[in-house]
Amino acid sequence: MKFETAAPPHAVPVRGVPQIMRRVLLALVPAAAAYTWFFGFGLLINFVIAALAALVTEAAILKLRRRPTRRALRDCSALVTAALLAFALPPLLPWWIPALGGFVGIALAKQLYGGLGKNLFNPAMVAYVLLLVSFPIQMTQWVPPRMGDIDYRPLGFVGTLRYSLYEELPPSQSLDALTRATPLDTVKEGLRSQRTFEELRGLSLIGTFGGRGWEWVNNFIALGGLYLLYAGIIRWQIPVAVLAGLLVPAGLLHLLDSSRFPSPAFHLFSGAAMLGAFFIATDPVSAATSDRGRLVYGAGIGVLTYAIRTWGGYPDGLAFAVLLMNAAVPLIDRYTQPRIYGHSAG
Amino acid sequence: MLELTPDRRLTGGLRLLAHKSESTTEPILRGLVPPELILPLHQHGGNPAVPIVDVGREVAKGETVAAAGDMPSAAVHASSSGRVRAIEERLVPTGSRLRRSLCIVIETDGEDRRAAPSEPLGWPESATARIERIAEGGLAGLGGAVFPTAAKLAAVAGRCKALIVNGAECEPYISCDDMLMREAPEEIVAGALLMCDLVGAPVCILVIERDKPRAIEAIGAAARAAGDPRLRLAEVPTIYPAGGERQLVELLTAEEVPSGEFPSAIGYVCQNVGTAFALHRLATRGEPLTSRIVTITGQGVARPRNVEAPIGAPIGWLIEQCGGYRPDVARLIHGGSMMGYALPSDDLPITKATSCIVAAGPGEVRQSFEEWACIRCGDCASACPARLQPQELLVAAGAGDFARLEALGLDDCIECGCCDVVCPSHIVLTERFRAAKRAHAAHVRRLELSAESEERYRRRERRIEDAESRARAAQEALKAKLRADEAARREAIEAAVERARRRKSRNV
Ligand code: SF4
Ligand code: SF4
């Protein structure tokens with residue numbers, strides 16, 4: 001009898017790229033729900049727009065490069081980029097900003113380097129930073145959380161969509177009334193004008209640990225991150241190192257002077273700390289690959305984020321920290337290779 | 001007896017879905033006599049055996065039909081009685097690949113008549129004689145690599161820190177060692193002690209994976225009954241590829257076998273339980289290696305089980321003994337699903353290397369996938385027991401960058417396939433590394449050849465130069481001689497003239 005031949009191993013692979021990407025998206029669902037609850041439908045609208053732009057861009061460029069498109073679209077990696085970008089964007093935005101973000105993320109940060117797996121920088125963060133420096137006004141219009149005691153009437157789904165598509169607000173509303181600074185921004189500005197962290201804690205935007213609403217979103221993101229750890233999609237080194245890199249300097253300085261340096265908990269539960277630790281820094285393509293390398297890479301992101309938040313020009317520094325460490329990855333990889341079995345050290 | 005339970009973890013490795021229960025429900029099927037035997041003379045990495053019978057000759061079971069060649073080698077014996085029908089080249093499965101080998105083809109007579117042992121029976125006294133007897137007995141490692149046992153034992157004799165008797169079968173489908181340990185634990189333990197004596201090992205570690213409770217129980221009981229203080233029983237976690245020699249040494253001793261060396265380099269020797277059993281048979285009954293336990297399994301076979309297969313039995317015939325194929329059989333694998341290779345047909349013999357035949361159903365095996373690009377997830381690196389960075393090797397292999405491949409430890413890849421199984425981009429990594437090794441070897445050969453031809457060229461240049469300078473020197477010498485002759489002649493003339501003048505002046 002004759003049989004087919006094939007090279008070993010014959011065992012069936014355990015999983016595929018689309019499955020990984022879909023699980024990452026799934027892990028973001030609880031956080032997206034919490035975000036929508038507290039900050040309105042902007043996240044979802046921005047996600048849909050960014051995702052459409054990302055998919056169209058990917059398809060178009062692959063067509064131009066004469067590469068198979070269906071398969072690349074099915075791998076869901078463009079959707080993950082769009083989702084991370086949507087989490088980083090303020091909820092009230094004209095549609096062309098997330099669209100531009102989706103385009104830039106895929107075209108510039110991904111396809112220009114050769115597509116999936118080849119990019120040096122995290123596409124979502126490249127897009128975010130580009131939008132942040134190009135449109136500083138729109139990109140800092142955040143909304144306060146929907147909480148009983150905050151005097152604020154949020155826009156509903158239709159209202160948010162109308163603003164996104166036509167930049168129109170209901171007659172009784174003004175953009176000024178709708179938008180606020182983020183908790184990180186508020187604290188940073190407050191500290192700059194010589195108020196103490198203890199005083200600032202009393203502000204309505206600040207919650208028990210971090211920003212109000214934000215702490216919940218961060219909790220749910222961490223929950224999603226734990227799921228990713230459990231499912232073996234990410235490993236512990238990067239998240240732990242990022243959080244430790246943020247926590248250690250924050251803790252030390254807070255101990256030294258608690259009035260000028262916000263508590264470590266505030267750092268962890270505001271802004272993009274959890275998203276960065278579990279979802280952004282862990283993007284495999286742009287991260288370091290060895291276990292030790294991942295610790296260095298993550299710690300670098302944590303420390304840089306803290307430094308930019310504390311002494312830099314932006315309230316949150318995570319995106320910049322990630323891009324800087326992305327650039328350092330080849331170097332990190334080079335010096336953190338594990339010793340090969342059977343080779344003596346050194 | 002000391003129970004040894006290593007808590008050390010293997011670097012890398014995988015917990016794979018086991019398929020062992022399918023083939024372990026029935027006892028080993030014994031007493032099989034195939035209609036034909038195809039006995040390959042070259043079953044391992046050593047040197048081929050040399051045939052000592054002619055076509056037409058009647059042979060008995062256990063009779064030597066080919067003597068061990070230059071060491072390392074192992075003799076080949078008839079595994080049943082019959083008549084030599086042909087000595088011809090055939091395709092045979094060996095440890096790591098199919099290869100062409102001269103085979104002695106025997107038509108069996110069904111009587112399974114055993115040759116009367118010609119040698120004085122019993123186990124010789126001296127170590128050299130024992131080693132010789134093992135080589136004559138045709139013993140080779142039955143774990144899959146089939147290295148001649150005599151050579152392996154001789155390599156550590158006298159400086160062995162521990163003998164590791166390997167009952168860890170990490171491949172998901174293979175259960176031949178498990179079944180043998182259940183059915184013949186005393187012989188295995190006795191064989192292990194004989195090996196210990198031979199190499200002078202102070203410790204003998206019997207290693208069994210935790211997913212084989214019945215084998216652990218049987219071997220444990222036999223070891224306690226033997227009551228030898230050298231015996232240890234180590235239960236190891238079921239992680240692929242913990243059964244590999246290098247991995248076992250790491251797991252048991254926390255020492256690493258140096259790159260490019262065998263465990264014997266650091267004083268360890270690993271022997272498969274089947275080999276220990278065979279050694280015991282040889283020492284106590286004078287029986288050479290004529291059969292081995294083979295797992296016949298997979299969704300494509302009707303009654304998966306273990307059989308005691310005569311070496312040289314046709315694979316297709318053995319599968320018939322296990323109920324034949326199921327209609328949807330897709331692939332025939334020699335060895336396990338991780339490191340085994342696909343056979344093009346079942347018209348091939350069982351060799352000493354055949355631990356398992358998987359007749360796989362279509363859903364059981366990897367089909368050829370379309371690949372995604374590497375996303376640098378590092379899963380392959382985490383799974384790699386050699387602590388390599390497969391994703392980096394992939395890039396270097398793609399670029400044909402041999403210097404980088406060497407630096408990344410291509411030669412330390414044990415081709416275990418862990419990286420392939422975990423890669424979410426479904427990249428065929430192991431096969432690329434194998435190809436890269438071949439390309440590297442060819443590259444090195446090319447370099448050597450070009451260095452050689454350069455050397456040849458230089459030698460020729462030098463030769464020509466030498467010849468030229470010799471010719472020049474000769475010419476110079478000749479010229480000098482001519483000049484000297486000329487001078488002498490002139491001198492002679494002058495002298496004559498002078499003489500004449502003087503004579504003239506005297507006459508004046
Ligand atoms: S096949 Fe080679 S590279 Fe892949 S996991 Fe095994 S040893 Fe590592
Ligand atoms: S497992 Fe596959 S995708 Fe992941 S790093 Fe290794 S080669 Fe790349």
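Visitor: What do the side chains of E431(B) and R434(B) meet in?

Guide: Side chains of opposite charge can pair when their charged atoms come close. A salt bridge is a side-chain nitrogen of Lys or Arg within 4 Å of a carboxyl oxygen of Asp or Glu. E431(B) and R434(B) form one, at 2.6 Å from N to O. The model is predicted: local features need pLDDT of at least 70, side-chain atom pairs count only at pLDDT 80 or more, and totals for chains, interfaces and linings use all residues. Residues are numbered from 1 along each chain as its sequence is written, chains are lettered from A and ligands numbered from 1 in the order in which they are written, and side-chain values use heavy atoms, leaving out hydrogens and water.

Visitor: Where do E431(B) and R434(B) lie?

Guide: Both are in helix α13 (residues 429-507) of chain B. A helix here is a DSSP run of H or I, at least four residues, numbered from the N terminus.

Visitor: Is R434(B) buried or exposed?

Guide: Buried means under 20% relative accessible area, exposed over 50%, partly exposed in between (1.4 Å probe, protein chains only). R434(B) is buried, at 14%. E431(B) is partly exposed, at 25%.

Visitor: Which residues are linked with E431(B) and R434(B) in a network of salt bridges?

Guide: E415(B), K437(B) and R438(B).

Visitor: What does R294(A) form with D291(A)?

Guide: A salt bridge, with the closest N and O atoms 3.2 Å apart. R294(A) is buried, at 6% relative accessibility. D291(A) is partly exposed, at 36%.

Visitor: How many salt bridges are found over all chains?

Guide: The whole structure has 52.

Notes. Helices (H or I, at least four residues) and strands (E, at least two) are DSSP runs, numbered from the N terminus.
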